[in-house]
Amino acid sequence: MDSDEEEEALLSGSGDHDGAPGRRAAPAASDAAVEPATSAQQLAPPRPGPCSARAGDGKATVWWGETARASAAGLDNEERPRIDTYIIIKYRQDGDEWRERGAENRLEVKYPTTSVTVEGLDNKRTYQFAVRARSRKGALSEESQRSLPVTPYEP
């Protein structure tokens, strides 16, 4: 390969490089697809199933599906950390926006619990809930799908 062909191969991301410092072929797009999962991805527990809620007087009962099985994600169960805690996140509707207002809007329950009653809600305000799983080492899953909006009410 002459120097013009080599330069074109380097710029197009194909071919070999000559080992010169700073000259390296870019990886092909298909190479990225076979990269192993990062350690952060392997440490996070699987995402909990969708979240549901039912409103009551100043409260809501919230439940969710167990986390997706690790094998469904193409991993062995031994590659995913054990779940220690579920974190329930409360979102309140303010106008057209949904807002989480800090740590006071979170509630924790120990695994394998998959439902909880969230008390102290304002009647006539609208809420949504989501859940994250946390491993014993503190790694967090992605947030579950949020519940449909619910509005606590006075009986």
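Q: What makes Arg99 partly exposed?
A: This is a predicted model, and in it Arg99 has a relative accessible area of 36%.

Q: Why is the pairing of Glu97 with Arg99 called a salt bridge?
A: The closest N and O atoms of Glu97 and Arg99 are 3.0 Å apart. A salt bridge needs such atoms within 4 Å, so this pair qualifies. Glu97 is partly exposed too, at 44% relative accessibility.

Q: How do you know that Arg106 and Glu100 form a salt bridge?
A: Their side chains meet at 2.6 Å, N to O. The limit is 4 Å, so the pair counts as a salt bridge. Arg106 has 35% relative accessibility and Glu100 has 29%; with cut-offs of 20% and 50%, both are therefore partly exposed.

Q: Why does the contact between Arg146 and Glu143 count as a salt bridge?
A: Their closest N and O atoms are 3.7 Å apart, and the limit is 4 Å, so the label holds. Salt bridges that share partners also join Arg92, Asp94, Asp122 and Arg125 into one network.

Q: What makes strand S7 mostly covered?
A: Seven of the nine residues in S7 (residues 127-135) are buried, and buried means under 20% relative accessible area.

Q: How do you know that S3 and S7 pair?
A: Nine bridges link them in the antiparallel sense. Pairing takes at least two bridges, so S3 and S7 count as paired. Ile89 stands opposite Ala130 in S7.

Notes
Residues numbered from 1 in each chain as written. Predicted model: local features only at pLDDT ≥ 70, side-chain atom pairs only at ≥ 80, totals over all residues. Heavy atoms only, no water. Buried < 20%, exposed > 50% of the residue type's maximum accessible area, 1.4 Å probe, protein only. Helix = DSSP H or I, 4+ residues; strand = E, 2+ residues; numbered from the N terminus.
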